[in-house]
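Dear colleague,

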Amino acid sequence: MSTAQKLKSKSKQAKAITLKGSTEIVTDFFKFAVNAILYHRNVYPTDDFQMVKKYGQVVLLTQDLGLEKYIETVLSQRALFAEWLNSGTITQLIIAIVARESKITLERWVFDIKLTLPPQPTEEDPEPAPIPPKPDAEIQGEIRAIIRQIISSNTFLPTLQEPTYFTVLAYTNDDSNATSPDANTPSLWIESDPMMIEQGKSQQVKLKSFDTKIHKIDAMVSYRQ
């Protein structure tokens, strides 16, 4: 590699991610994470999914048009989700898996979201140091580790013995109540049951995390014993 190529490569690696770019990474992650959970926890039939390449590995995406539209609407720019990510309003996203007949919550996949905005100029510090850049390959590697844990979840979570459905929940920093997308208008989020697992019947497994230097996502799953 020539000196010019090396300098160009270093410059590319050192480029700091923007808030918009970080939001896109997080939104993309949730899209693939939700699909992985629904597939590997058998919430939807395996035939409803197709293999695609993402994060340097094979992952699955739904082919069910209704489910695809629902996920895209919840996580798209048309919903409040992107605005919440940009402003730091959203603090937690949860995928709750619920028994179809009994309505008992069997699993809660919890993703804590923390926003670190770039420092703003002040009178005391008119030129604050920017957030240190993080190589894209490192971010992708951290995301890949979480996806792999979801893929292997059948090895540490109980087998779901009954038909289930899922609900997306969100917590925001201006409301202590859970919200979820309206069944008829997924871009509209309304107050919802938090879908908690009964006290004393829940076990937790902490998963890995990823950090864009702007958004940090900590993951865990709780399940009913």
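How many of the 11 residues of S4 are buried? Before the answer, please keep in mind that this is a predicted model. Eight of those 11 residues are buried, so strand S4 is largely enclosed by the rest of the structure.

Read from the N terminus, the elements follow the order α-α-β-β-α-α-β-β-α-β-β-β-β-β. Of the 225 residues in the protein, 43% are buried, and the accessible surface comes to about 12500 Å², with 50% of it belonging to carbon and sulfur atoms. If you take the contacts between residues at least 6 apart in sequence, 65% of them join residues at least 24 apart.

Now to the strands around S4, which covers residues 105-115. Strand S3, made of residues 90-99, pairs with S4 in the antiparallel sense over seven bridges, and within this pairing Ala96 stands opposite Arg108 in S4. S3 and S4 form a hairpin with five residues between the strands, where Lys103 takes a positive phi near 65 degrees. S4 is also joined to S9 by nine bridges, and these two strands run antiparallel; you can find Ile113 with its bridge partner Ile217 in S9, and Glu107 opposite Tyr223 in S9.

Strand S9 (residues 215-224) is itself mostly covered, with seven of its 10 residues buried. Eight bridges join S9 to strand S8 (residues 202-211), again in an antiparallel arrangement, and in this pairing Lys206 has Met220 of S9 as its bridge partner. S8 and S9 form a hairpin with three residues between them, and in its turn Lys213 has a positive phi of about 85 degrees.

Helix H5, residues 136-151, has 16 residues and reaches 22 Å from its first C-alpha to its last, which is close to the 22 Å expected at 1.5 Å a residue. Its buried residues are Ile139, Gln140, Ile143, Ile146, Ile147, Gln149 and Ile150. When you look at how they are spaced, remember that an α-helix has 3.6 residues a turn, so residues three or four places apart point the same way. The buried residues of H5 pack against helix H2 (19-40), strand S2 (57-62), S4 and S8.

Helix H2 also holds Thr23. Why does Thr23 count as buried? The reason is that Thr23 has 3% relative accessibility, and buried means under 20%. The side chain of Thr23 makes a polar contact with the side chain of Asn86 at 2.6 Å, and, leaving out residues up to four places away in sequence, Thr23 touches Ala82, Leu85, Asn86 and His215.

Finally, the largest nonpolar core has 47 residues, and those with the most contacts inside it are Phe29, Phe30, Leu93, Trp109, Phe111 and Phe210. H2 gives the most to this core, with 10 residues. A second, separate core has nine residues, including Val98, Val110, Leu169 and Met220. As for Leu93, if its neighbours within four places in sequence are set aside, the residues in contact with it include Phe30, Phe81, Trp109, Phe111 and Trp189.

With best wishes

Terms used
Residues are numbered from 1 along each chain as its sequence is written. This is a predicted model: local features need pLDDT of at least 70, side-chain atom pairs count only at pLDDT 80 or more; totals for chains, interfaces and linings use all residues. Side-chain values use heavy atoms; hydrogens and water are left out. Buried means under 20% relative accessible area, exposed over 50%, partly exposed in between (1.4 Å probe, protein chains only). Helices (H or I, at least four residues) and strands (E, at least two) are DSSP runs, numbered from the N terminus. Two strands pair if DSSP finds at least two bridges between them. The expected span of a helix is 1.5 Å times one less than its number of residues. Contact means heavy atoms within 4.5 Å. Accessible areas come from the Shrake-Rupley method with a 1.4 Å probe; for residues, only the protein chains shown count as cover. A polar contact is a pair of N or O atoms within 3.5 Å; within protein, one must be able to donate a hydrogen and the other to accept it, and residues adjacent in sequence count only if both atoms are side-chain atoms. A nonpolar core is a set of buried Ala, Val, Leu, Ile, Met, Phe, Trp, Tyr and Cys residues joined through side-chain atoms within 4.5 Å.
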